[in-house]
Amino acid sequence: MFNRIAGQSLERIAALSDGLFAIAMTLIVLDIRVPPESAVGSEADLGRALLALSPRIVMYLMSFLTLGIFWVGQQTQLNYLARSDRDLTWMHIAFLAGVATMPFSTTLLAEFITYRIAMVIYWGNVVLLGATLYWSWRHARRAGLIKPDAPAHVDQAIEKRIVIAQALYAFGMLLCMASTYLSIAFIFLVQLYYAIAPRFPRASASR
């Protein structure tokens, strides 16, 4: 009986998610520290110290985009659900475990930016986020949790977006075999594209 009545509040899932996303987004910026005054004696020293922070700044921007994209993705799903159930709630808790891990994988890659293992761990973090989000939507569809008035194209659009994004992330990870910098640059561009979501005009059918 408890399993049938537990975890039905979408509002509680959203509240927990908002709080955890806010914490994770804050923690990743705390890794960027102002250079110590003792190490800076001139403009040139300050410039070199700030340049040394560039890997951490790049990783902060990329991870902030990552978290922002997945927050939007989760909120989009929740908006089309009529209710939750115990299984869906735990799936979203698993998703939030991936969110909570993002500050660690971000710091690891920033510290060891030329190491493929660090890149693979970061990518694994992104895979966890995408897989649990995809899994939760599939469960919602099978369990009849989606709003009956949800447009027909929503289901396909949500799944397609996750699958394509994860395929692009996987390709980006494979680029680390050549260079981790190349891999990071590609993933950053993918994140930027999904954040901006540009709309390209379609060619006229008369042409």
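Reader: What covers the buried residues of H7?

Author: This is a predicted model, and in it the buried residues of H7 include Val154, Ile158, Ala165 and Tyr169. Among the elements that cover the buried residues of H7 are H4, H6 and helix H8 (180–196).

Reader: Is serine 136 buried or exposed?

Author: Serine 136 has its place in helix H6, and, leaving out residues up to four places away in sequence, it touches Gln77, Leu88, Met91 and His92. A residue counts as buried under 20% relative accessible area. Because the relative accessible area of serine 136 is 1%, this residue is buried.

Reader: Which way does H4 run relative to H5, roughly parallel or roughly antiparallel?

Author: The axes of helix H4 (residues 54–79) and helix H5 (residues 86–111) come within 9 Å of each other and cross at roughly 170°. Since angles over 145 degrees count as roughly antiparallel, H4 is, relative to H5, roughly antiparallel.

Reader: How many nonpolar residues are in the contact of H4 with H5?

Author: The residues that make this contact include Met59, Ser63 and Phe70 of H4 and Phe95, Val99 and Met102 of H5. Divided by class, the contact of H4 with H5 has 2 charged residues and 6 polar ones, while the nonpolar residues number 13.

Reader: With which residues is serine 63 in contact, leaving aside its neighbours within four places in sequence?

Author: Serine 63 lies in helix H4, and it counts as buried because its relative accessibility is 0%. With those sequence neighbours set aside, the residues in contact with serine 63 are Ile28, Met102, Thr106 and Tyr122.

Reader: Are H2 and H5 roughly parallel or roughly antiparallel to each other?

Author: Helix H2 (residues 10–30) packs with H5 at an axis separation of 8 Å and an angle of about 5°. Angles under 35 degrees count as roughly parallel, and therefore H2 and H5 are roughly parallel.

Terms used
Residues are numbered from 1 along each chain as its sequence is written. This is a predicted model: local features need pLDDT of at least 70, side-chain atom pairs count only at pLDDT 80 or more; totals for chains, interfaces and linings use all residues. Side-chain values use heavy atoms; hydrogens and water are left out. Axes are lines fitted to C-alpha atoms, for helices over the stretch in contact, and angles run from 0 to 180 degrees between N-to-C directions. Helices (H or I, at least four residues) and strands (E, at least two) are DSSP runs, numbered from the N terminus. Angles under 35 degrees count as roughly parallel, over 145 as roughly antiparallel, 65 to 115 as roughly perpendicular and the rest as oblique. Contact means heavy atoms within 4.5 Å. Ala, Val, Leu, Ile, Met, Phe, Trp, Tyr, Cys and Pro count as nonpolar, Asp, Glu, Lys and Arg as charged, and the others, Gly among them, as polar. Buried means under 20% relative accessible area, exposed over 50%, partly exposed in between (1.4 Å probe, protein chains only).
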